[in-house]
Amino acid sequence: MNTPSATPIGNAGFSSERPKNAISSSVLGVIIFIATEMMFFAGLVSAHSVISNSVVDWPPADQPRLPIEATALNSLFLLASGLVIFFAWKAFKVEPFSKKSRNLLVLSIALGSLFVGLQGSEWAGLISHGLTINSSVYGGFFYLIIGAHAIHAVGAILALLRLFFMFQKKKVTTESFTAHSLFWYFVVGVWPVLYVLVYL
């Protein structure tokens with residue numbers, strides 16, 4: 001009885017194509033990175049909670065108060081940026097390299113940059129009023145936690161700028177757009193938690 005012979009695929013006998021519904025390596029890499037960063041921020045949040053709950057005078061009476069209202073308003077720019085990048089991604093999936101998708105991407109980068117710029121201005125004001133990383137444990141935790149987020153925000157904005165330049169050269173894939181967007185979603189999503197913990 002003759003059996004049909006297997007037809008080799010490619011040089012090694014295996015298909016080099018990724019299954020249609022399989023997650024791309026770039027998206028998977030970002031997801032793993034986000035998972036590790038979530039644990040990093042969870043550690044900072046836990047340490048802050050332990051210290052703040054064990055100190056009677058928190059925040060210290062002699063330390064400047066954080067600009068709760070101004071930062072809440074600034075937070076809206078970051079949240080809006082996250083929403084805009086989502087619509088940019090949706091537009092890209094419908095029509096890659098469309099003007100709508102590009103403009104939304106630029107708007108998201110602008111809103112994110114505005115958030116970071118206003119945060120920097122806030123820091124300058126707090127430092128001038130005596131709240132520094134060495135002024136107290138309160139100040140140390142503020143700059144450690146909010147500073148860590150600022151570093152991630154700047155890194156994510158640089159990643160979005162890279163995505164924009166790739167977009168201009170028409171070298172963006174849906175997977176790469178998704179990977180860059182996921183990083184920004186993380187930066188946007190973790191901020192409300194940090195704001196409530198540190199500012200309120």
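**Entry 1. The end of helix 3**

I began at G130, which follows helix 3 and has a positive phi, near 105°. I take helices as DSSP runs of H or I with at least four residues, and strands as runs of E with at least two, numbered from the N terminus. I noted that the model is predicted, that local features need pLDDT of at least 70, that side-chain atom pairs count only at pLDDT 80 or more, and that totals for chains, interfaces and linings use all residues. Residues are numbered from 1 along each chain as its sequence is written, and side-chain values use heavy atoms, with hydrogens and water left out.

**Entry 2. Helix 3 itself**

I looked up the span of helix 3, residues 99-128. Its 30 residues reach 43 Å from the first C-alpha to the last, close to the 44 Å expected at 1.5 Å a residue; the expected span is 1.5 Å times one less than the number of residues.

Which residues of helix 3 are buried? I found S101, L104, L105, S108, I109, L111, G112, F115, Q119, E122 and L126. Buried stands for under 20% relative accessible area, exposed for over 50%, and partly exposed for what lies in between, with a 1.4 Å probe and protein chains only. An α-helix has 3.6 residues a turn, so residues three or four places apart point the same way. The cover over these buried residues includes helix 2 (68-94), helix 4 (137-168) and helix 5 (174-199).

**Entry 3. The whole protein**

I counted five helices and zero strands, in the order α-α-α-α-α along the sequence. Of the 200 residues, 40% are buried. Among contacts (heavy atoms within 4.5 Å) with a separation of 6 or more, 79% are between residues 24 or more positions apart.

**Entry 4. The core**

Which of its 50 residues touch the most other members? They are F142, F177 and W184. Helix 1, helix 2, helix 3, helix 4 and helix 5 each give two or more residues to this core, and the largest share, 16 residues, comes from helix 4.

For F177, I set aside neighbours within four places in sequence and found contacts with I85, A88, W89, F92, S101, L163, F167 and V172.

I found Y138 in helix 4. Is Y138 buried or exposed? Y138 counts as buried because its relative accessible area is 7%. Beyond residues up to four places away in sequence, Y138 touches W58, P59, P60, Q63, P64, L66 and L131. Y138 and P59 are 79 residues apart along the chain, yet their C-alpha atoms are separated by 6.4 Å. P59 lies in the loop between helix 1 and helix 2, and a cis peptide bond joins it to W58, with omega about 0°.

**Entry 5. Two further positive phi angles**

F97, in the loop between helix 2 and helix 3, has a positive phi of about 65°; its relative accessibility is 23%, so it counts as partly exposed. K170, in the loop between helix 4 and helix 5, has a positive phi of about 55°; its relative accessibility is 56%, so it counts as exposed.

Definitions and conventions:
A nonpolar core is a set of buried Ala, Val, Leu, Ile, Met, Phe, Trp, Tyr and Cys residues joined through side-chain atoms within 4.5 Å.
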